[in-house]
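Visitor: I am new here. Could you walk me through this structure?

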Amino acid sequence: MINKLYEKLKETDLDTLLITDGVAIDYLTGIEIDPGERMYVLVIKYNSAKLFLSKLFNVDGNKYVEPIYFLDTDDYVGMLKNEIKDSKKIGVDKFMDARFLLPIMDGKKEFVVASNLIDDIRAIKDAEEVKLMAEASRLNDLAMGRMEELLKEDYTEMEMRELLLKTYKDLGSEGFSFEPIVGYGKASWDPHHVTDDSRKKAGDSIVVDIGCIKDGYCSDMTRTFFYKEASEEAKKIYETVKLANETAIKKVAPGVKLKDVDRAARKIIEDAGYGEYFTHRTGHFIGREVHEAGDVSQNNENICKVGNIFSIEPGIYVPGVCGVRIEDLVVVTEDGCQVLNKYPKDFKIIK
């Protein structure tokens, strides 16, 4: 991946790139470190990479970078400043800490945010990455099946969370890709509900938004169930969201604007009279992190590209009635898209 970044850098007027995002450094070099409060910077120039890091860590032997070690008592910011002394225009990522950035800004160099260089590379998954994400989604399908079975029992939302974590571990994943959402009843009306100790009751809609990490790549899927019974309006809302999800997926293809994918889902919901209750974007990009740069929203003029992976997750949240979200991950292919997760999304009442 780092060779792709070298090529990207050559296409710009930058002569140096400073990367401090640990996930991006891992993606580019295979080095995974939690530096805590210590400086941790990957310095990219044309065909060369140096990693400034504390002597607490050892990355000797990594073929992608030259490690530059420092002690806590060293002038490590001064070391970094010396490394870029001959640079004129420097790109920094959006995560660089001001306490390391400001001291190296001497008024003679130009600094610009250049996270897009890495984000653009990460947004296009290669065949191996697609394979890894498909496997993470396969495990997520199995976990969702387990969650559906567990919903027949009298577990609280939080108990369901703990059982999900055990399920992921049993399946061989590294755990959650994000804090899961299990929302009963009125909690389902809140798209970002924080799981608590509530118990479900007859008539509740149940939003289950879950994902795991497998071999460093994330999955993410949402299904909505109903407990014991469901009103006619709740069923109408469900079928509307399902149609919006399916319509948006059919819209995905190379060259299609991401805002048009969003529009495909949004129009279904608006035409059904629930436009005001669809309160978020249709999707987000995903990969090494559950939310990566890029989204499927009303304002995104960018086009779908082969290798993009993002969610399609329309929702309707009507207080006093129900909340429904249905989410799938899709990868853009040469002739459309492939849905990575396979768990059924037909209307279901948990008995």
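Visitor: Into which domains is the protein chain divided?

Guide: Welcome! This is a predicted model, where local features need pLDDT of at least 70, side-chain atom pairs count only at pLDDT 80 or more, and totals for chains, interfaces and linings use all residues. Residues are numbered from 1 along each chain as its sequence is written, and side-chain values use heavy atoms, leaving out hydrogens and water. The bounds come from an automatic or database domain assignment, and the chain is divided into domain 1 (1-122) and domain 2 (124-339).

Visitor: Which three residues supply 56% of the area that domain 1 buries against domain 2?

Guide: Buried area is the accessible area (1.4 Å probe) that two parts lose on being put together, summed over both. Between domain 1 and domain 2 this comes to about 750 Å², with carbon and sulfur atoms giving 39%. On the side of domain 1, the 56% comes from V23, Y27 and R122.

Visitor: How far apart are the closest N and O atoms of D26 and R288?

Guide: A salt bridge puts a side-chain nitrogen of Lys or Arg within 4 Å of a carboxyl oxygen of Asp or Glu. The rule finds three salt bridges across the interface of domain 1 and domain 2. In the salt bridge of D26 with R288, the closest N and O atoms are apart by 2.7 Å.

Visitor: Is S297 buried or exposed?

Guide: S297 is found in the loop between β13 (292-296) and β14 (309-312), strands being DSSP runs (E, at least two residues) numbered from the N terminus. Buried means under 20% relative accessible area, exposed over 50%, and partly exposed in between (1.4 Å probe, protein chains only). Because its relative accessibility is 14%, S297 counts as buried.

Methods
Helices (H or I, at least four residues) and strands (E, at least two) are DSSP runs, numbered from the N terminus.
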